[in-house]
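Subject: Structure for your review

Dear colleague,

Please find below the structure that I am handing over to you. My findings follow it, arranged by topic.

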Amino acid sequence: VFPLALLMTIAGFWNARRTATVVRIDVPIANLPASLEGFSIAQISDVHVGLTIKSHYLQRIVNRVILLKADMVAITGDLVDGPVKSLGPHITPLLDLQSAYGTFFVTGNHEYYSGAHGWIDKLRSMGIQVLMNEHVVIHHATDSQDGDSATVVVAGVADFSAHHFDESHRSDPHGAMADAPEHAHVKLLLAHQPRSASAAADAGFDLQLSGHTHGGQFWPWGYFVRFQQPFTAGLNKLNRLWVYTSRGTGYWGPPKRFGAPSEITHLRLVRA
């Protein structure tokens, strides 16, 4: 038993400390215009910069994301585990992120443990678009002969549990969609926890990107995640809504991952 436990510990440590691999996912969208075929999103989630994850670890992640040449970057919460004063310098690699439409961030539960207001201000000062129950509209240039642009709504909500820390941050997918173009070609929601999916489906989103679960992080915890969250990992569907749940790009707690490898997700929109 001891040799097996030791082997699992070594493997878990290696899996946690290595740079996350790229997972490539095609998401089929009904009535997707030709100009949005291949529109790509690089997602990182649950990095947990903190006691054992510092700037050099994050820099390796950022370097790998840059190589994807994505149209946009999404950070779906739990970026940090500590206050801005001590960890602010360790997120500076995010300044190197490059994409056509920029980097978007939504809060996770750990931001609220770490002083969410300070982190929101910090990230905005770095040019990262923090979406707090709101959206932006991307007009993606088309290559078609008619010269029109395709419209993508990129919305974000505060963490599902944010109202326990600040009532004004109560997660609101419907509010995030308010005044969005009704006929937008794609409506994307960034929401840290998969359990935002029911409200997101009701609000009319096509795709939700989430994290939080870590895919269980190490066996057998993946079996227990489903008691709190509707999805544990990967691409799933709720009615007309696609939900992609990242296994996370870093780790929480001791450096250990077993049976749930970390990931940088490269999602492409394709015609259904």
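In which strand is T103 found? T103 belongs to strand β4, which spans residues 103-105. Please note that this is a predicted model, and that every value in this message is computed from it.

T103 has a relative accessible area of 7%. Residues under 20% count as buried, so T103 is buried. Setting aside neighbours within four places in sequence, the contacts of T103 are V73, I75, L97, I128 and Q129.

**The chain as a whole**

Eight helices and twelve strands make up the secondary structure elements of the chain. The chain has 272 residues, and 54% of them count as buried. Among the contacts in the chain with a separation of 6 or more, 75% are between residues 24 or more positions apart.

**Aromatic pairs**

How many aromatic pairs does a search of the whole structure find? The search returns four. One of these aromatic pairs is formed by F39 and Y101; the pair is stacked, with 6.2 Å centre to centre and 25 degrees between the planes. The stacked label applies because planes under 30 degrees apart count as stacked, and the angle for F39 and Y101 is 25 degrees.

Where do F39 and Y101 lie? F39 is in the loop between β1 (21-29) and β2 (40-44), whereas Y101 is in the loop between α3 (84-87) and β4, so the pair ties together parts that are 62 residues apart in sequence. The two residues may also be described by their accessibility. F39 is buried, with a relative accessible area of 2%, while Y101 counts as partly exposed at 26% relative accessibility.

Elsewhere, Y112, Y113 and F165 form one aromatic cluster.

**The second largest pocket**

The second largest pocket holds about 300 Å³ of space. It is lined by 13 residues, and those closest to the centre of this pocket are I29, A30, N31, D206 and R240. What classes of residue form the lining of the second largest pocket? The lining has six nonpolar, three polar and four charged residues.

Yours sincerely

Methods: Residues numbered from 1 in each chain as written. Predicted model: local features only at pLDDT ≥ 70, side-chain atom pairs only at ≥ 80, totals over all residues. Heavy atoms only, no water. 1 Å grid on protein atoms, 1.4 Å probe; cavity = no way out; pocket = protein on both sides within 12 Å on 5 of 7 lines; lining within 4 Å. Points joined across faces, edges and corners; volume = space filled by probe spheres on them. Nonpolar A, V, L, I, M, F, W, Y, C, P; charged D, E, K, R; others polar. Helix = DSSP H or I, 4+ residues; strand = E, 2+ residues; numbered from the N terminus. Buried < 20%, exposed > 50% of the residue type's maximum accessible area, 1.4 Å probe, protein only. Contact = heavy atoms within 4.5 Å. Phe/Tyr/Trp six-rings, centres within 6.5 Å; stacked < 30°, edge-to-face > 60°.
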